[in-house]
Amino acid sequence: MIKELIKFTAELFPSISPYTKDSVMNAINQFNYDELEWFTPTILKELSQGDIIDKLPFTYYEDNGQKTTVMKKGIILSNSCDVDNDKYILIAPLFDYNTMPELDSKTIRSNKYYDKMCFTNSQLDNYLIDFSRTNSFNKKTILNAIQNGKAKRIYSLNQYGYYLLLIKLTVYLMRPEDNDTNTERNDHYATIPS
């Protein structure tokens with residue numbers, strides 16, 4: 001899975017030096033990452049980026065404008081420093097991909113969907129993060145829910161899982177735009193008076 005993700009990332013960002021890509025691939029070839037753990041043996045001391053919390057209410061609006069709230073596991077996307085200092089934090093929901101027949105399981109498991117990340121070969125093997133459904137939560141509300149037992153921190157990403165999360169967030173949010181949009185942006189830039 002990790003080799004496919006590196007190849008995929010290199011294709012998305014052609015400015016990455018082929019030498020860098022090859023050296024990363026050579027380092028990765030030394031390990032069988034499919035057998036590595038995604039999570040720390042115990043959760044981190046403080047609420048942190050990459051922590052997974054069970055039983056959070058995620059709210060969405062349907063096509064008809066109706067509000068829907070579902071209870072799901074969620075992963076903290078906000079940087080750990082922002083979790084410490086900000087009033088609101090970003091959390092993305094986790095879904096059992098077996099309940100999403102519209103998605104190809106091989107593509108899910110190799111993490112090739114831009115807006116999703118699968119925890120392949122882990123305790124959450126059949127779960128994926130859906131970045132497109134991220135919600136903002138009041139941090140104090142989350143901490144109170146954890147303290148009162150209404151929600152529970154169940155996992156913290158280890159270094160391997162954390163770096164894959166950063167890669168996926170970068171790919172999802174910062175990949176190059178399509179040529180038409182990029183051309184249109186350039187055309188508008190050229191018309192700005194100096």
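I began with pairing: two strands pair if DSSP finds at least two bridges between them. I took strands (E, at least two residues) and helices (H or I, at least four) as DSSP runs, numbered from the N terminus. With that settled, I looked up Asp96 and noted that Asp96 stands opposite Tyr127 in β5.

Before going further, I noted that this is a predicted model, in which local features need pLDDT of at least 70 and side-chain atom pairs count only at pLDDT 80 or more, while totals for chains, interfaces and linings use all residues. Residues are numbered from 1 along each chain as its sequence is written, and side-chain values use heavy atoms, with hydrogens and water left out.

Entry on strand pairing. I found that β3 and β5 run antiparallel and are joined by 3 bridges. I then followed β3 (residues 88-96) to β6, where the pairing is again recorded in the antiparallel sense, over 4 bridges, and where Leu90 has Ser136 as its bridge partner. For β4 and β5 I noted an antiparallel pairing over 3 bridges, with Leu128 of β5 as the bridge partner of Cys118. I also looked at the two faces of β6 (residues 135-138), and found Asn135 and Phe137 on the covered face, with Ser136 and Asn138 on the uncovered one.

Entry on the loop between β4 and β5. I located Thr120 in this loop, between β4 (116-118) and β5 (127-130). Is Thr120 buried or exposed? Thr120 has a relative accessible area of 8% and so counts as buried, the cut-offs being under 20% for buried, over 50% for exposed and in between for partly exposed (1.4 Å probe, protein chains only). I then checked the side chain of Thr120, which has a polar atom 2.8 Å from the backbone oxygen of Arg109. Asn121 is placed in the loop between β4 and β5, and I computed its relative accessible area as 39%, so Asn121 is partly exposed. I flagged the phi of Asn121, near 55°, as a positive value in a residue other than glycine.

Entry on the nonpolar cores. I use the term for a set of buried Ala, Val, Leu, Ile, Met, Phe, Trp, Tyr and Cys residues joined through side-chain atoms within 4.5 Å. The largest such core has 20 residues, and those with the most contacts inside it are Leu47, Ile53, Leu56, Ile76, Ile91, Leu128 and Ile142. I listed β1 (52-61), β3 and α5 (139-147) as the elements that give two or more residues to this core, and the largest share, 4 residues, comes from β1. Taking contact as heavy atoms within 4.5 Å, I looked up Ile142 and, leaving aside its neighbours within four places in sequence, found it in contact with Leu47, Ile53, Leu56, Ile91 and Phe137. I also recorded a second, separate core of 18 residues, which includes Ile75, Leu94, Leu165 and Leu169.

Entry on Gly50. I found Gly50 in the loop between α2 (18-28) and β1, where it is buried, with a relative accessible area of 0%. Not counting residues up to four places away in sequence, Gly50 touches Ile75, Ile76, Tyr155, Ser156, Leu157 and Leu165.

Note on methods
Polar contact = N/O pair within 3.5 Å; in protein donor to acceptor, adjacent residues only side chain to side chain.
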